[in-house]
Amino acid sequence: MANYADVVVIGAGAAGLFCASQIAKQGKSVTILDNGKKIARKILMSGGGFCNFTNLEVSAQHYLSHNPHFVKSALARFTQWDFIAMVAEYGIAYHKKEQGQLFCDEGAEQIVNMLQAECDKYHVNIQLRQHIDSVVSFYSVEKSAVRFKIISNAQTWHCHSLVVATGGLSMPGLGASALGYQLAEQFDMNVIAPRASLVPFTYLEIDKIYTALSGIALPIKVTARSGQSFTNNMLFTHRGISGPAILQISNYWQPNEPIEIDLSPHQNITEVIQQLRIDSPKLQLKTVLTRLLPKKLVELWLEQNFFQDEVLGNLTKVRLQKIENLIHHWQFQPNGTEGYRTAEITMGGVDTKHVSSKTMESNTMAGLYFIGEVLDVAGWLGGYNFQWAWSSAYVCAQDIGKRE
């Protein structure tokens with residue numbers, strides 16, 4: 001015998017949990033099916049365990065999509081201030097970090113507990129460790145409407161509306177799968193080729209000398225071929241380069257393109273040296289560079305003969321230009337990225353031309369909705385992807401809630 005719910009939500013992540021509670025709040029019966037052992041595993045890991053749940057500054061420009069206007073309606077109807085109000089209502093203390101990012105004071109589990117409490121309050125039925133074998137649509141003569149049949153763990157579920165909140169392919173260790181993309185294609189919706197996003201770069205063989213600097217961070221400005229740039233920290237790792245600036249630019253990087261890195265974005269090395277040549281002409285070049293950059297980096301360059309140490313007074317124009325290029329115009333050619341294993345999100349996904357921006361409903365199948373990361377919407381680092389989860393979930397829930 002089939003189980004019945006007005007709505008089945010596939011995925012117990014940020015978007016799925018929030019959407020389910022918002023639908024149930026309007027009196028509908030809602031069941032969530034998820035393949036994990038527990039809910040919201042990605043939330044628990046996010047923001048270093050403190051969940052960067054939104055940002056004070058949210059606009060369409062913080063998102064990448066083949067349709068850049070797609071996010072505008074949802075973001076306007078459920079804003080960062082709406083979610084912040086909910087966080088405050090639950091007494092969750094939070095703090096602001098750089099560039100408007102908001103984090104929980106006491107840990108990401110507070111957001112998970114809030115979402116769980118909302119689901120409990122409105123009697124959302126959460127079913128974990130579910131392996132979904134098939135999803136089909138059928139016409140119910142009794143209800144004179146299209147319904148969905150989901151077979152999961154040898155059980156059958158019938159529902160009037162189906163919400164796909166399966167996320168992307170990032171962090172496969174947390175149960176990520178291509179199910180959402182497969183469902184979209186099954187119902188004649190295009191899928192933009194997914195790729196790892198907000199992800200570290202790996203070294204070419206020639207740059208593996210920098211593995212010696214693993215663990216060292218410094219502020220940089222990084223620019224992609226498209227002209228997009230970010231100023232934030234970069235981290236040297238055993239496999240490549242990471243840190244907020246690198247994760248941000250990975251959204252704009254195309255394979256085989258270099259990125260340009262300015263290792264001293266706040267001080268121009270030529271101006272510093274020219275002034276010191278007047279004030280302290282006998283100062284060693286190495287001494288000056290270690291004032292601006294990590295000492296280990298400067299020593300590595302010396303070992304590799306990227307420059308020769310000498311007193312500033314002897315520095316020629318040609319050698320000064322070489323130093324400027326080395327520091328301000330490092331042309332870094334990534335070998336590739338770390339891939340889905342460490343990617344924060346997935347870029348690409350369900351093509352938004354097949355989805356209503358006002359409701360998140362498929363325009364190829366009535367009653368079928370896609371929300372959150374499964375869509376071709378990728379936000380910047382800094383709470384923007386969580387805000388997209390809340391906003392897209394909310395507008396979906398409002399549409400389902402008002403339907404008979």
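Into which domains is the protein chain divided? The protein chain of this predicted model comprises domain 1 (2-196 + 345-402) and domain 2 (200-338), with bounds that come from an automatic or database domain assignment. Residues are numbered from 1 along each chain as its sequence is written. Because the model is predicted, local features need pLDDT of at least 70 and side-chain atom pairs count only at pLDDT 80 or more, whereas totals for chains, interfaces and linings use all residues; side-chain values use heavy atoms, with hydrogens and water left out.

The centres of domain 1 and domain 2, taken over C-alpha atoms, are separated by 40 Å. Contact between the two (heavy atoms within 4.5 Å) involves nine residues of domain 1 and 13 residues of domain 2. Along the principal axes, the C-alpha atoms of the protein chain fill a box of roughly 90 × 40 × 35 Å. Of the 404 residues, 54% are buried, that is, under 20% relative accessible area with a 1.4 Å probe and protein chains only. Among contacts between residues at least 6 apart in sequence, 72% join residues at least 24 apart.

The secondary structure amounts to 12 helices and 21 strands; helices (H or I, at least four residues) and strands (E, at least two) are DSSP runs, numbered from the N terminus. UniProt, in an unreviewed entry, places the feature "domain: RsdA/BaiN/AoA(So)-like insert" at residues 195-345; such positions are given in the numbering used here, feature names are shortened, and annotations may be inferred rather than shown by experiment. Over residues 195-345 the chain is 31% helix and 22% strand, and 9 Å lies between the end C-alpha atoms.

Strand 12 (residues 201-202) is joined to strand 15 (residues 240-242) by two bridges in the antiparallel sense, and Phe-201 has Ile-241 of strand 15 as its bridge partner.

Helix 5 (residues 109-121) has buried residues including Gln-110, Ile-111, Met-114 and Glu-118. Just after helix 5, His-123 takes a positive phi of about 65°.

Methods
Two strands pair if DSSP finds at least two bridges between them. Buried means under 20% relative accessible area, exposed over 50%, partly exposed in between (1.4 Å probe, protein chains only).
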